[in-house]
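Dear colleague,

I am passing on the structure below, together with some notes on it. Please read the notes with the coordinates open beside you.

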Amino acid sequence: MSCHRVSAIAVTLILWLFSVLVSCPVAAVQDSDGDSLPDAVERQLATDPNFAEELELVGEFPTKEGCPPEFDVTKVYFGNVAQDRWLCRALQLR
Ligand SMILES: [Ca+2]
């Protein structure tokens, strides 16, 4: 598999995760363990929705004027969720 294909798959996965997070109204999102990762997203990622993942804030960015809010990443978190599995979470303005 070429690097371009792997990159395309990774970008697609990240955009899909953004779209899941953006499309879920905040009031309707269930987060059983309170780690701010919705249960539905945890099931997709195969993490336990009843165990709070400990992600560390690794980057915080000012908002960019003119950038669509759904693409304006303001915070990035990173952490180990299982032996060799790592999770990166990006929060966008909206
Ligand atoms: Ca959760």
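Predicted model: local features only at pLDDT ≥ 70, side-chain atom pairs only at ≥ 80, totals over all residues.

Residues are numbered from 1 along each chain as its sequence is written.

Confidence and overall layout

The predictor's confidence in each residue, pLDDT, runs from 0 to 100; its mean over the protein is 79, and 71% of the residues reach 70 or more. Among the elements, the lowest mean pLDDT, 53, belongs to helix H1 (residues 3-23), whereas S1 has the highest, at 95. The protein has two helices and three strands, these being DSSP runs numbered from the N terminus, with helices (H or I) of at least four residues and strands (E) of at least two. Read from the N terminus on, the elements follow the order α-α-β-β-β.

Of the 94 residues, 5% count as buried; a residue is called buried if 20 or more other C-beta atoms lie within 10 Å of its own, exposed if 12 or fewer, and partly exposed in between, with C-beta atoms placed from the backbone. Two residues are in contact if their C-beta atoms, placed in that way, lie within 7 Å, and among the contacts with a separation of 6 or more, 23% are between residues 24 or more positions apart.

The sheet

The three strands form an open sheet in the order S1-S2-S3, with antiparallel pairing. Its edge strands are S1 (56-60) and S3 (85-92), each of which pairs on one side only. From one strand to the next the twist averages 20°, with axes taken as lines fitted to C-alpha atoms (for helices over the stretch in contact) and angles running from 0 to 180 degrees between N-to-C directions.

Strand S1 has five residues, and the number of them that are buried is zero, so S1 lies largely in the open.

Leaving aside residues up to four places away in sequence, valine 76 touches Val58, Gly59, Cys88 and Ala90, and alanine 90 is its bridge partner in S3. Valine 76 and glutamate 56 are 20 residues apart in sequence, with 8.4 Å between their C-alpha atoms.

Arginine 85 is placed in strand S3 and counts as exposed, with 11 C-beta neighbours inside 10 Å. From arginine 85 to threonine 47 the separation is 38 residues in sequence and 9.9 Å in space, C-alpha to C-alpha.

Two loop residues with positive phi

Serine 36, in the loop between H1 and helix H2 (39-45), has a phi near 75°, a positive value in a residue other than glycine. Serine 36 is partly exposed, with 14 other C-beta atoms within 10 Å.

Alanine 46, in the loop between H2 and S1, likewise is not a glycine but has a positive phi of about 65°. With 9 other C-beta atoms within 10 Å, alanine 46 is exposed.

With kind regards

Methods:
Pairing = 2+ DSSP bridges.
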